Amino acid sequence: MRIQQPSRTAEQAADRLHSAAIHLLRSLRREDARLGVGPAGLSVLSVLVFGGPKTIGELAAIEQVKAPTMTRIVATLERNFMVERDGDARDRRRAIIHANQHGRLIMRRGRANRVHELATRIDGLPETDVALLARAADLIDRISKAEASA
């Protein structure tokens with residue numbers, strides 16, 4: 001079975017989009033420093049807030065780290081009163097981690113800070129560019145949900 005290669009135009013667009021997205025997210029991440037939580041902790045907190053309760057193993061798999069690393073990240077979030085640990089009714093050896101009210105507040109605050117910063121940057125653009133960015137966001141959302149063709 002032959003795998004179809006993307007067009008040169010698609011490759012170039014993908015390369016530019018990848019680079020631009022990374023630079024944009026890195027620059028907006030500076031807003032997160034005001035929250036007092038590191039990037040790894042915020043990423044885990046985001047998974048818990050938007051994805052629901054998870055075990056350490058599930059979090060480690062999602063974040064692509066080893067379980068001991070995830071245990072340390074979760075312990076830091078617990079010390080900062082952002083997550084709580086509950087026992088698993090089916091397996092007492094496992095714990096279910098979930099974001100608490102303070103953790104959800106931190107996530108909302110972080111998102112609001114990043115969105116405000118981005119909106120401030122967008123605000124100076126012509127209306128046609130703002131509309132184009134809104135359309136691009138729709139397209140990015142659509143391609144992010146699409147399965148890679150095999």
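**Close-up views of a predicted chain**

**View 1. Asparagine 113 and its partners.** Apart from neighbours within four places in sequence, asparagine 113 is in contact with Glu31, Arg34 and Leu35; contact means heavy atoms within 4.5 Å. Asparagine 113 sits in helix 5 (residues 101-123). Helices (H or I, at least four residues) and strands (E, at least two) are DSSP runs, numbered from the N terminus. Is asparagine 113 buried or exposed? Asparagine 113 is buried, with a relative accessible area of 15%. Buried means under 20% relative accessible area, exposed over 50%, and partly exposed in between (1.4 Å probe, protein chains only).

The model is predicted: local features need pLDDT of at least 70, side-chain atom pairs count only at pLDDT 80 or more, and totals for chains, interfaces and linings use all residues. Residues are numbered from 1 along each chain as its sequence is written, and side-chain values use heavy atoms, with hydrogens and water left out.

**View 2. The largest nonpolar core.** This core has 21 residues, of which Leu59, Met70 and Ile97 touch the most other members. A nonpolar core is a set of buried Ala, Val, Leu, Ile, Met, Phe, Trp, Tyr and Cys residues joined through side-chain atoms within 4.5 Å. Two or more residues each come from helix 2 (39-51), helix 3 (56-63), helix 4 (67-79), strand 3 (95-99) and helix 5. Helix 2 gives the largest share, 5 residues. Leaving aside neighbours within four places in sequence, methionine 70 is in contact with Val44, Ile56, Leu59, Ala60, Glu63 and Val65.

**View 3. Glycine 38 in its loop.** Glycine 38 lies between helix 1 (8-29) and helix 2. Glycine 38 is partly exposed, at 38% relative accessibility. Its C-alpha atom is 9.9 Å from that of leucine 77, a residue 39 places away along the chain.

**View 4. A nonpolar surface patch.** Leu17, Ile140 and Ile143 form this patch, with about 250 Å² of accessible area together. Patches are made of residues with over 30% relative accessible area and no salt bridge: like charges are joined within 9 Å, nonpolar side chains (Val, Leu, Ile, Met, Phe, Trp, Tyr) within 5 Å. A salt bridge is a side-chain nitrogen of Lys or Arg within 4 Å of a carboxyl oxygen of Asp or Glu. Accessible areas come from the Shrake-Rupley method with a 1.4 Å probe; for residues, only the protein chains shown count as cover. Isoleucine 143 belongs to helix 6 (residues 127-145). Isoleucine 143 is exposed, at 52% relative accessible area.
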